Amino acid sequence: MMGGGPSRREPEVKLLTIGAFARAAGLSPKALRLYDELGLLPPAAVDAENGYRFYDPGQLERARFIASLRRLDMPLALIRRICQLPPEDAAAEVGRYWARVAADTAAREQLAALLVGRLAAQADASGPAPELSLRAAARSAVGLVRDTDEDLAYAGTRLLAVADGMRGTAGALAAEAAVAALHRLETRPDDDPLLDSLAAAFADADAAVRSVAGRAHGHRDTARGDGGRAVTTLTALLWTGSHTGLAHVGDTRAYLLRDGGLRQLTDDHSWVRGQVDLGRLSHEEAAVHPRRSLLTAALDGGGTRPELALHPAAAGDRYLLCTDGLWSVVATATLRTVLCGCAEPGQAADELVAAAYAAGAPDNVACVVADVTAS
């Protein structure tokens with residue numbers, strides 16, 4: 001070497017400087033230095049004189065993998081452990097980590113909804129309470145094809161609910177038990193937080209379904225050859241006089257008709273809905289997809305938490321709660337026409353069931369129609 005100074009080993013030409021490697025990996029040089037210190041991603045070579053790091057292009061895949069895990073907010077200690085595992089075990093570990101994150105996110109989302117609901121209720125309480133009342137009617141029918149009825153509709157003075165049990169005796173019992181567990185909400189103290197009350201009642205409903213599963217074990221349904229599974233969807237609306245609290249699991253739906261416009265208040269917890277959200281299916285494709293009945297959430301005794309929402313009520317509002325035996329065969333435009341054209345909730349509920357029958361009623365049908373009126 002020139003200058004007579006001490007010789008040092010130059011990195012091979014194929015190696016990348018830390019800056020070039022950072023750009024290629026989508027990381028910062030600071031992050032690479034940290035990963036080196038932790039033993040996650042040591043450089044391929046280090047200049048003996050100035051300590052400058054060089055990386056082999058073959059290390060890019062590992063660097064990008066680490067970067068992806070960090071974007072999941074995964075702790076570095078867990079990343080180090082995952083990087084030492086074979087691919088199959090690493091995949092399982094990443095799945096377990098994300099399941100924990102998803103559960104924590106869902107819990108925080110529910111807490112945020114509860115806090116928003118409390119604050120909204122407090123703000124509303126500062127003004128004069130509107131003099132409103134609720135009138136409701138419930139209908140349930142077996143349909144034209146089925147020989148058993150697993151759907152249930154309930155309309156009380158303050159509580160509205162629909163449930164759709166999985167086909168079979170156990171499913172019917174699950175729907176019945178889930179709705180029965182909500183009945184105590186009819187006498188809920190006015191000072192109890194609305195969404196807290198609904199969340200607790202749904203936990204009771206889930207426990208009731210779990211109890212049904214235990215009782216139904218071994219029971220055989222002569223029509224199907226088995227007792228089915230103790231699984232049910234559940235959508236409930238709780239009336240306070242100025243607000244409605246809504247809790248929902250599955251693909252039973254709640255709609256609001258206001259000023260002539262019909263709006264769906266719930267999102268289906270179903271596989272096809274997820275594919276629509278991801279842009280993989282259109283709404284038209286989802287409506288006829290063979291997996292359209294596949295649920296991604298239901299009450300099965302496993303601790304499923306409901307989606308919760310708080311809605312201000314107004315005179316003239318009309319609510320519709322229904323199972324998929326109605327909305328899957330009757331077009332939304334027809335639902336709106338019936339709801340707009342009937343003076344009384346009972347008349348509207350009857351005509352909605354008739355519309356399902358006119359469309360072939362291949363499933364059980366259950367619905368509740370409720371009006372908010374000025375006293």
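Is D73 buried or exposed? Let's start there, everyone. D73 is exposed, and its relative accessible area comes to 63%. Before I go on, please keep in mind that this is a predicted model.

So where does D73 sit? You'll find D73 in the loop that runs between α3, residues 60-71, and α4. Its backbone is worth a glance too. Most residues other than glycine have a negative phi. D73 is not a glycine, yet its phi is positive, near 60°.

Now for a second residue with that kind of backbone. A361 is not a glycine either, and its phi is positive at about 40°. A361 belongs to the loop between α12, residues 345-358, and β13, residues 365-374. Is A361 buried or exposed? Buried counts as under 20% relative accessible area, and A361 has 0% relative accessibility, so it counts as buried.

As a reminder, an α-helix has 3.6 residues a turn, so residues three or four places apart point the same way.

Next, a pair of helices. Two packed helices are described by the angle between their axes and the distance between the axes. Here the pair is α11, residues 332-341, and α12: they pack at an angle of about 150°, and their axes are 9 Å apart. Over 145 degrees counts as roughly antiparallel, so that is how α11 runs relative to α12. As for handedness, the crossing of α11 past α12 is right-handed.

And which residues meet there? From α11 we have L335, V338 and L339, and from α12 we have A348, E351 and L352. Sorted by class, this contact between α11 and α12 has 5 nonpolar residues, no polar ones and 1 charged one.

S270 is found in the loop between β10, residues 261-264, and α8, residues 271-277. With a relative accessible area of 5%, S270 is buried. What does S270 touch? Leaving aside residues up to four places away in sequence, S270 touches R292, L294, L295 and T296.

Definitions and conventions: Residues numbered from 1 in each chain as written. Predicted model: local features only at pLDDT ≥ 70, side-chain atom pairs only at ≥ 80, totals over all residues. Heavy atoms only, no water. Helix = DSSP H or I, 4+ residues; strand = E, 2+ residues; numbered from the N terminus. Buried < 20%, exposed > 50% of the residue type's maximum accessible area, 1.4 Å probe, protein only. Axes fitted to C-alpha atoms, helices over the stretch in contact; angles between N-to-C directions. Parallel < 35°, antiparallel > 145°, perpendicular 65-115°, else oblique. Left-handed = near helix turned anticlockwise from the far one by under 90°. Contact = heavy atoms within 4.5 Å. Nonpolar A, V, L, I, M, F, W, Y, C, P; charged D, E, K, R; others polar.
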